[in-house]
Amino acid sequence: MDCIFCKIAAGEIPSTKVFENDKILAFNDVNPQAPVHILVIPKEHIASADGINADNAHLVSEIFKNIPQIAAQAGLENGYRIITNIGNDGCQSVKHMHFHVLGGKKLAEKMC
Ligand code: AMP
Ligand code: ZN
């Protein structure tokens with residue numbers, strides 16, 4: 001499958017990793033929209049959060065279990081935002097589920 005985030009997870013495309021275990025990977029977004037902009041992905045391909053089901057929900061749990069540590073390591077002690085875009089209306093450009101962790105400044109109040 002021609003998926004850029006699967007290739008990043010496999011180490012075939014370089015990334016700036018900030019956290020990794022056997023199930024998930026976190027790396028810096030190549031086009032940051034905030035002083036801290038980290039993407040957290042499952043290593044297993046899930047097209048979007050709309051593809052979460054009983055068989056793979058443990059990966060979402062694994063991601064959220066580790067985000068506090070990832071955020072703390074990035075210095076986000078004042079708070080941050082987690083976003084996942086889904087499909088065309090959600091402006092999802094990479095079709096491998098990922099959670100944006102944004103922070104390092106006071107973020108915009110509007111979400112859309
Ligand atoms: P989305 O629009 O929600 O699908 O977000 C995709 C994100 O992936 C964007 O913020 C891109 O800047 C980011 N991105 C795309 N390619 C790479 C890459 N090779 N390394 C790091 N981030 C990437
Ligand atoms: Zn993928």
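Buried means under 20% relative accessible area, exposed means over 50%, and partly exposed lies in between (1.4 Å probe, protein chains only). This is a predicted model, in which local features need pLDDT of at least 70, side-chain atom pairs count only at pLDDT 80 or more, and totals for chains, interfaces and linings use all residues. Residues are numbered from 1 along each chain as its sequence is written, and side-chain values use heavy atoms, with hydrogens and water left out.

**Salt bridges**
- The structure holds five salt bridges (a side-chain nitrogen of Lys or Arg within 4 Å of a carboxyl oxygen of Asp or Glu).
- K17, E20 and K43 form a linked network of them.
- K17 pairs with E20 at 3.3 Å between the closest N and O atoms.
- E20 also meets K43, at 2.8 Å, N to O.
- E20 lies in strand β1 (residues 17-20) and K43 in the loop between β3 and α2, so this pair ties together parts 23 residues apart in sequence; helices (H or I, at least four residues) and strands (E, at least two) are DSSP runs, numbered from the N terminus.
- E20 is partly exposed at 38% relative accessibility, as K17 is at 43%.
- K65 and E62 meet at 3.1 Å, N to O.
- K65 is exposed at 58%, whereas E62 is buried at 10%.

Conventions:
Chains are lettered from A and ligands numbered from 1 in the order in which they are written.
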